[in-house]
Amino acid sequence: MLGIHGDNVPMNTERPAFVWTIAGSDSGGGAGIQADLATIQDLGCHGCSVVTTVTAQSSVAVTLVEPVSAAMLIAQLTTLLSDLPPKAIKIGLLADQTQVALLADWIASFKIHYPSVPVIVDPVMVASCGDALAVDNCQDIKSAAKSALDFRPFKGLIELITPNVLELGRLTHSDVSTKAQFAAAALALSQSLDCSVLAKGGDVSFGSTDILDDTHAQTQANVHVIALDSNGWDLELAEDYLVCHQVRASSELHQNGRFWLASQRVNTRHNHGSGCTLSSAIAAVLAQGFVLQDAVVVAKAYVSQGLSAAIGLGQGPGPLARTGWPNDVSRYAKINLCDGNFISHHLNQHLDVRSDLVATVLSATDQATAQVRIASTPPQNILSHGFKVLDADLGVYPVVSDLTMLESLLAAGVKTLQLRIKTDISELTTAGFAESNLGKSALSRCESGKSKSGEPELFGSELEAQIQTAIALGKHFNAQLFINDHWQLAIKYHAFGVHLGQEDLAVTDLAAIQAAGLALGISSHSYFELLLAHQYSPSYIALGHIFPTTTKQMPSAPQGLAKLKHYVALLQGHYPLVAIGGIDLTNLAKVKATGVGNIAVVRAITKAKEPLAAFAMLSQAWEQCSLSEELAVKHELDAKHE
């Protein structure tokens, strides 16, 4: 049986997630419900449609817009819900304020029973050809373009709204000509609707004194990029602004963050339905269990692919191509963290002590340096050459917390290990903090004598002595020893490498690690964090946690094998990728089947009665999986040549 793209891949027989699109019908097939359903299916879900409006439109004009009756709208919603309840909902064109109010009431009732189902709103007002779509009970399309629907009834009911420049200005009644005004308006909209906002900058009309006056701007924006813009926009990039608002299941680090997402502009006029495609793609990715930030970056890459492959069908702008799940990392947006406020939030969460300790642990200079790095400097500009490239894959990569086990593994011939000695304040310290009186004072105020992983805390001279000894052992046995978190001591004693979590990147001197010639491993827990790690060009990226784990408290849900397979497809060949979290002999073969080249193991070794024997069994099983995989590929190639 052939797959949906006509290849020889068997079709997925698992029941797909249901995604609803509540939107208008585009008789030309390039936007609206037609584009939504094509996108939803292309990304692996089953699309259901609730028609709000019937439009008579082509690639060059919209000649008539007629809303369905209130009875028909409610009947569609009720009938669908009784049989095909959604995992995500996308709302597109609403014809008038009556439909807004009716749908808001329905969603409020729906959320009582389905509180975790995300609702995405694309506030469509103008078609790609420049004609208005929201008629507001007015037959004069051009005059209707001067007004805007009021989306405040959706306050607190939706997860994300995705206005373009034109729509953002109208929704906030503000001038959004400059990049700063655009960002301020997006933040204001997030606050007014109690939801996240993805403000789309791809349709900025460069050189225009008033973006909002040009209803053809979104058609023309991708065609002529010829001069520097005086309002702060990069003419070569399509820059979107993501304002996160209490994002469910997201890392505390990012759940209320603000980010610029920049992609290369695609020089094409065939962008009909790009907004519809983006919002329905976000819904489809969310329906498959990804967090909001993941859904946004995947959807943006999907649109970028679709624009690049788009062709004209009529006389006007053509629709986007449907190109499948995006696995080309060059299509993904560069992420620039522009909200340094999360540092203080994260430190408070990490310390479990009074907020004044944050100021104690980080000096004013350190805090300022970290905030400037986050607010204004993309990681690719800090580390243009990346970190040390590892000569070989890591294979089975033990993560241990004590020197005795470390030494025994090294003596047994293990060539890549990580020493993870956790302290609640390790990532906050400057080079001499742990030994200072200030450090001792701060530590005495902590609530517990153990780290959050349940292991005894080490600090001061004892911590430094253990790390120094571990590094010396690693060198003696010619091994690749990574030190978790304690980057200052790793530099001081010339470790092979450092492993950092996402939260550590903001308050770590990465340039110093690079200058010292150390390798760098970075943890990631989502597409979004994977892309952030990629921007630093590390030596390897850890992916997890794959299965439930008790070794540390995790803010995110287990990633699972399906997500791991997506992550591997995106960055395989760029770095060694390391799966971590709950991996043992019972699930090792399934992990290997995703294509990941390496696994990090903690409990499977540290909690084993005989850690060396456990490591040997894991390594042998991993190698056998590799051999089986190689044989399967060889048999497949032989069959093709027969």
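The model is predicted: local features need pLDDT of at least 70, side-chain atom pairs count only at pLDDT 80 or more, and totals for chains, interfaces and linings use all residues. Residues are numbered from 1 along each chain as its sequence is written, and side-chain values use heavy atoms, with hydrogens and water left out.

Start with the whole chain. Its secondary structure comes to 23 helices and 18 strands. Helices (H or I, at least four residues) and strands (E, at least two) are DSSP runs, numbered from the N terminus. Of the 642 residues, 56% are buried. Buried means under 20% relative accessible area, exposed means over 50%, and partly exposed lies in between, using a 1.4 Å probe and protein chains only. The chain exposes about 26,700 Å², and carbon and sulfur atoms supply 53% of that area. Accessible areas come from the Shrake-Rupley method with a 1.4 Å probe; for residues, only the protein chains shown count as cover. Contact means heavy atoms within 4.5 Å. Among contacts between residues at least 6 apart in sequence, 69% join residues at least 24 apart.

Now the open sheet. Its 10 strands follow the order β3-β2-β1-β4-β5-β6-β7-β8-β9-β10, with mixed pairing. Two strands pair if DSSP finds at least two bridges between them. The edge strands, β3 (62-67) and β10 (334-337), each pair on one side only.

Step inward to β4 (residues 88-91). Both of its faces are covered: A88 and K90 are buried on one side, I89 and I91 on the other. β4 runs parallel to β1 (residues 18-26), joined by 4 bridges. Here V19 stands opposite A88. Another 3 bridges join β4 to β5, again in parallel, and I91 stands opposite V121 of β5. From β5 (residues 119-121), 2 bridges lead on to β6, also parallel. The bridge partner of V121 in β6 is I161.

Helix α6 (residues 179-193) comes next. Its 15 residues, at 1.5 Å each, should span 21 Å, and the end C-alpha atoms are 21 Å apart, which agrees. The expected span is 1.5 Å times one less than the number of residues. The buried residues of α6 are K179, F182, A183, A185, A186, L189, S190 and L193. They cover an arc of only 160 degrees around the axis, which puts them on the same side of α6. That arc is taken from the directions from the helix axis to the C-beta atoms. An α-helix has 3.6 residues a turn, so residues three or four places apart point the same way. On the other side of α6, A180 and Q191 are exposed. Cover for the buried residues includes β6 (160-161), α5 (165-172), β7 (196-199), β8 (237-243) and β9 (258-264). After α6 comes D194, with a positive phi near 55 degrees.

Turn to the barrel. Here 8 strands close in the order β11-β12-β13-β14-β15-β16-β17-β18, and the pairing is parallel. The twist averages 25 degrees from one strand to the next. Axes are lines fitted to C-alpha atoms, for helices over the stretch in contact, and angles run from 0 to 180 degrees between N-to-C directions. One example of the pairing is β13 (residues 480-484) with β14 (residues 497-500), parallel and joined by 3 bridges. In that pair, N484 stands opposite H499 of β14.

Finish with helix α19. It lies across β15 (519-524) and β16 (540-544), running at about 170 degrees to β16.
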